[in-house]
Amino acid sequence: MTTSASTTTAPVADARALGLAHYAARGVLEHVLARHGATFQQQVALRAAVTADAPQTPDDLVTQVRGSLKADPADIRATLDELLAKQMLVADGAHLRPTDAGRELIAAVGAETAPISARIWGGIPAEDLAAAGRVLALVTERANAELAALTA
């Protein structure tokens, strides 16, 4: 049986495909963040503070951001200082709390990215999203284990 030249084969998921998808999506988010004068790492740290169930210490936020971004703790602390200077976070005793301005930034970025995300993710069958979610969770778990072994 012959196949037509227009027949395409689905790409195989690999590290390159994952990286390309990540950077494409991150590029969209960073474009929106730049309009608000915020960086990607600032947004990740601020989101961690905004979505926390309880007040977070600087160490709590460093741990959460490091878990997500694998960034250097000193860089994360500098990011927290930037958020304090921009009055997106405020010190409250031993804790850092998001200010109204910080909450508003996260809400504004979410509102701006929601229709873009809908266009990016829209129309992908639920079973494909479920399969991709399972694969990405497994890749994350394995990569985190490898990183832990490398840094032990």
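The text below takes up fold, dimensions, surface and core in turn.

This is a predicted model, in which local features need pLDDT of at least 70, side-chain atom pairs count only at pLDDT 80 or more, and totals for chains, interfaces and linings use all residues. Residues are numbered from 1 along each chain as its sequence is written, and side-chain values use heavy atoms, with hydrogens and water left out.

The protein chain has six helices and two strands, in the order α-α-α-α-β-β-α-α from the N terminus. Helices (H or I, at least four residues) and strands (E, at least two) are DSSP runs, numbered from the N terminus.

The radius of gyration of the protein chain is 19 Å, whereas a compact globule of 152 residues would have one near 15 Å; the radius is taken over C-alpha atoms, and the globule rule is 2.2 Å times the number of residues to the power 0.38. The C-alpha trace spans about 75 × 40 × 25 Å along its principal axes.

Buried residues (under 20% relative accessible area, 1.4 Å probe, protein chains only) make up 21% of the 152 residues.

The largest nonpolar core has 23 residues, of which Leu46, Leu80 and Leu89 touch the most other members. Such a core is a set of buried Ala, Val, Leu, Ile, Met, Phe, Trp, Tyr and Cys residues joined through side-chain atoms within 4.5 Å.

The largest share, six residues, comes from H2.

Methods: Buried means under 20% relative accessible area, exposed over 50%, partly exposed in between (1.4 Å probe, protein chains only).
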